Amino acid sequence: MSSSRRQRVLIVEDERLLADAMSTALGRYYDVSQAGSVAAAHRFLAGAQFDVVLCDVRLPDGTVQDVRAIVGDAGPKFVIITGGDASAAREANGGAPVVIKPFDVDELLAVLAELLTP
């Protein structure tokens, strides 16, 4: 029986309660790390490989585009988290999947499964 590594998810969300809830729910299936700002995300992304980044559109020190710029085009897949307009968020972020706040954990898990299934 082969053992494969668990896929890694970085949550970049400044609403601490939401980030903690996502981390708890996703932690059953993925290795999860949390960052509350662009600067914190930069530290995580400089030191580890992630399969997907769940990123809020607006952060205290920048935007999701700032986080995407850290990893470039060859980086992990992105899922955008927003309380605003999904179409605008998707268009501004290269067609990345968008999850609208408030969201259901099952919805988030389904988006991740679709993105991370080979």
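Helices here are DSSP runs of H or I with at least four residues, strands are runs of E with at least two, and both are numbered from the N terminus. By that count the chain has 5 helices and 7 strands. Read from the N terminus on, the order is β-α-β-α-β-β-β-α-β-α-β-α.

A word on the source. This is a predicted model, in which local features need pLDDT of at least 70 and side-chain atom pairs count only at pLDDT 80 or more, while totals for chains, interfaces and linings use all residues. Residues are numbered from 1 along each chain as its sequence is written, and side-chain values use heavy atoms, with hydrogens and water left out.

Next, overall dimensions. The C-alpha trace spans about 45 × 30 × 25 Å along its principal axes. For 118 residues, a compact globule would have a radius of gyration near 13 Å, and the chain agrees, at 13 Å. That radius is taken over C-alpha atoms, and the globule rule is 2.2 Å times the number of residues to the power 0.38.

On burial, 42% of the 118 residues count as buried. Buried means under 20% relative accessible area, exposed over 50%, and partly exposed in between, with a 1.4 Å probe and protein chains only.

Last, the aromatic rings. The structure holds 1 aromatic pair. Phe-44 and Phe-50 form it, edge-to-face, at 6.5 Å centre to centre with 75° between the planes. Rings of Phe, Tyr and Trp (its six-membered ring) pair if their centres lie within 6.5 Å; planes under 30 degrees apart are stacked, over 60 edge-to-face, the rest tilted. Phe-50 is buried at 5% relative accessibility, whereas Phe-44 is partly exposed at 30%.
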